[in-house]
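Subject: Structure for your records, with notes

Dear colleague,

Please find the structure that I promised to hand over, placed directly below. My notes on what was found in it follow after that.

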Amino acid sequence: MKFRRKQRRRIAVILSMLILLSIPGCGQKKDLSTGQKMRSFFDFFNSSTEASTQGTTEPSTNAQGGGGGDQVVDPPEIDTNKYADTENEELNKLFDDYFKDDVTSSTLAFRNVLADGSKYGVSEPSPATWGEIDYSDEAIAKDKAELEDWIKKLEAIDVDTLTEKQRFDYDYLLDNLKNDLIGYENPLLRSEFAPMRGLQSNLPSVFTDYEFRNKQDVQNYLDLMNDIPEITEASLEYEKKRVDAGYGMEDSLINKVISQCDEILDVSGEHFMITTFNNSIDGLSFLTDEEKQEFKEKNKEAVEKSFLPGYEKIKTAFTGFLGKNKVKGGLCQYEDHGKEFYAATVRSYSGSAKTPQEMIEYMDQKKKKLDMQIAQIKAANPEAISAYYSVKDTMFDYMADMDAQEVVKYLMDHAMDEFPEVGEIKYVVKPLDSSLEQVRENTVAYYSIPVIDRDDDNLIRVNGKSKDSLYETLAHEGCPGHMYQVNYYRKTNPNPVRCLNLDLGYMEGWAVYASYETMKKCDLNGIDNAKEIALISNLESQIGYYYHGRIDLGVNYEGWLIDDVKKFLRENGLKEEIAETLYIISVGDPGVYLSYSESYFEMQDLRDYAEQELGSKFNAVEYHKAILEAGPCPYDLLKKRVDKYILENQ
């Protein structure tokens with residue numbers, strides 16, 4: 001659930017802007033990551049092509065798209081809003097106040113967005129702080145009142161006095177805040193220790209990727225680490241309140257949290273929180289040798305006396321929670337606003353305006369069309385299917401001699417002809433610290449978003465132990481994926497308030513879409529059936545996303561339990577052994593996978609829609625320009641920008 005930003009810091013999702021999704025196969029950090037395609041899902045097929053083409057013979061009309069072909073987006077609407085010629089300064093002031101309030105609420109909130117803040121009239125909080133850590137009913141009520149006050153201030157603005165750009169930003173922020181408000185109906189529905197989004201799974205990344213820009217940054221790092229006992233204790237008190245009220249985790253989730261703690265508490269050899277810090281400190285030219293040694297000793301003490309004891313407390317508390325769960329299943333099992341909470345979660349993660357029920361029907365239709373496309377290929381070119389399965393694990397081996405930096409450069413040189421010019425992007429690709437390779441074993445690579453006042457700090461980290469192909473991963477993380485999208489939008493000079501939220505639906509939807517587009521450009525080193533193989537790869541990946549998203553909806557909206565997930569997998573020709581993993585993901589982190597599945601399908605639908613409306617007048621570069629200049633936003637708002645593009649080019 002995406003709470004208001006100050007509340008998100010109060011309830012440990014203060015980490016959410018620094019750490020996104022620790023999904024298996026996905027990256028983690030202040031990043032936008034998929035790490036690898038979910039094609040590995042199909043390793044669990046009992047009969048791969050038969051399972052996915054059973055009873056589907058009708059050909060698709062859109063072999064390159066996302067299972068489309070039918071008009072699934074409403075026809076373009078003429079914008080009837082009135083727009084002013086000059087900006088409304090009252091709204092600009094409101095945006096500015098909101099931005100300042102947000103970025104100064106904690107040290108991490110500031111550092112995630114700004115380097116020094118002088119351009120924006122703000123300074124990093126001093127001393128270093130995690131923000132307000134208060135889970136009392138009074139504190140939550142205060143947060144809710146503050147959120148309602150921001151909404152009232154926005155609604156008091158006369159929208160007819162706004163410029164077109166202001167109106168778009170206004171609609172964006174108001175929608176965001178209203179969706180956040182739903183989370184206050186029953187905050188106990190959200191745990192601070194979710195397997196992917198929780199405190200225990202994400203704290204290491206906060207510290208291992210903490211950038212030291214000056215000496216004070218090092219001290220702030222240590223201060224934050226020494227505060228870990230306080231924030232873990234407060235969060236555990238809140239978790240106990242949840243357990244006592246009947247909202248505690250199932251034992252399978254509790255055991256997942258305990259195993260995550262065990263992984264961090266493994267101190268065979270020097271702990272990675274010590275080695276990564278030491279490696280970073282050694283590279284700081286602004287510290288003397290004496291200062292480096294002093295900081296290393298202080299960090300070692302903080303790890304041993306604050307960081308690790310915090311994890312011991314979490315493990316001990318969760319061991320005590322075993323057997324106390326009163327409700328099994330997803331959010332819909334809770335009668336007190338469970339379905340409403342899930343609907344807001346879905347909106348937050350996917351960016352879609354669809355209800356969960358509408359999403360279920362939509363995604364099931366997508367699956368049928370994807371099956372049809374594979375059936376069409378199988379009927380027309382059966383050797384392509386066989387060729388795909390014979391090369392799917394080796395199709396990028398010809399790039400094995402390229403390092404990650406070279407792959408990013410290759411993509412920028414060979415896969416960008418249908419995307420608008422962005423100018424120079426300053427970036428570096430670095431290996432993940434060797435001490436973290438095993439801790440982040442499911443992370444192939446991740447992109448770290450630069451602060452808005454220093455946009456030349458684009459960083460992509462790559463796990464050297466990963467054996468996965470970097471082509472698709474770096475297309476997603478780099479260009480034309482996250483790094484390209486972020487830098488293009490930054491160069492449109494957006495209002496800073498638009499840079500506070502990550503809007504996963506748009507950003508992951510774009511990155512998945514963009515990486516699929518690059519597959520169309522790849523000749524796979526001249527192998528036979530290259531075009532069909534690339535298409536099958538995309539289709540199979542989309543079906544994998546469908547299964548993950550559909551199970552999330554089944555568990556959290558339709559009330560599926562573990563046996564229902566097994567039945568769903570069995571009926572779709574998949575082995576049941578993955579049911580528990582997918583069930584735990586869906587119950588523990590509702591809605592997360594929808595930021596990939598639902599979001600990609602909606603992003604692709606907009607492309608199909610624009611092509612159908614414009615026919616020969618469709619221009620991919622201009623279309624992508626419209627999407628990118630809109631910036632991260634919900635899909636109903638993005639649709640308005642696509643409508644404008646269509647109407648201006650018909």
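In these notes, buried means under 20% relative accessible area, exposed means over 50%, and partly exposed covers what lies in between, with a 1.4 Å probe and protein chains only. Please keep in mind that this is a predicted model, in which local features need pLDDT of at least 70 and side-chain atom pairs count only at pLDDT 80 or more, while totals for chains, interfaces and linings use all residues. Residues are numbered from 1 along each chain as its sequence is written, and side-chain values use heavy atoms, with hydrogens and water left out.

**Overall picture**

The protein chain has 25 helices and four strands, where helices (H or I, at least four residues) and strands (E, at least two) are DSSP runs numbered from the N terminus. Of its 650 residues, 61% count as buried. If one takes the contacts (heavy atoms within 4.5 Å) between residues at least 6 apart in sequence, 80% of them join residues at least 24 apart. The accessible surface, computed by the Shrake-Rupley method with a 1.4 Å probe, comes to about 25100 Å², and 46% of this belongs to carbon and sulfur atoms.

Helix 17 (residues 470-477) is largely enclosed by the rest of the structure, because seven of its eight residues are buried; these are Tyr-471, Glu-472, Thr-473, Leu-474, Ala-475, His-476 and Glu-477.

**Salt bridges**

Side chains of opposite charge can pair when their charged atoms come close. With a salt bridge taken as a side-chain nitrogen of Lys or Arg within 4 Å of a carboxyl oxygen of Asp or Glu, the count comes to 38.

One of these joins Glu-239 and Arg-242, at 2.9 Å from N to O. The two residues are three apart in helix 9 (residues 228-244), and so are separated by about one helical turn; Glu-239 is buried at 1% relative accessibility, and Arg-242 is likewise buried, at 4%.

A further salt bridge pairs Asp-364 with Arg-550, whose closest N and O atoms are 3.0 Å apart. This pair links distant parts of the chain, since Asp-364 lies in helix 14 (residues 356-380) and Arg-550 in helix 20, 186 residues apart. Asp-364 is partly exposed, at 24% relative accessible area, whereas Arg-550 counts as buried, at 6%.

Lys-521 and Glu-418 also meet in a salt bridge, at 3.4 Å from N to O. Here Lys-521 belongs to helix 19 (residues 504-521) and Glu-418 to the loop between helix 16 (404-414) and strand 2 (427-431), 103 residues apart. Both count as partly exposed, Lys-521 at 37% relative accessibility and Glu-418 at 23%. Elsewhere, salt bridges that share partners join Glu-211, Arg-213, Arg-454 and Asp-457 into one network.

**A charge without a salt bridge**

Which side chain of opposite charge is nearest to Asp-552, which is buried yet has no salt bridge? It is Arg-197, 8.1 Å away, where Lys and Arg count as positive and Asp and Glu as negative, with His and the chain ends not counted. Asp-552 is found in helix 20 (residues 530-556), and its contacts, leaving aside neighbours within four places in sequence, are with Tyr-342, Tyr-557, Ser-586, Asp-589, Pro-590, Gly-591, Val-592 and Leu-594.

With kind regards
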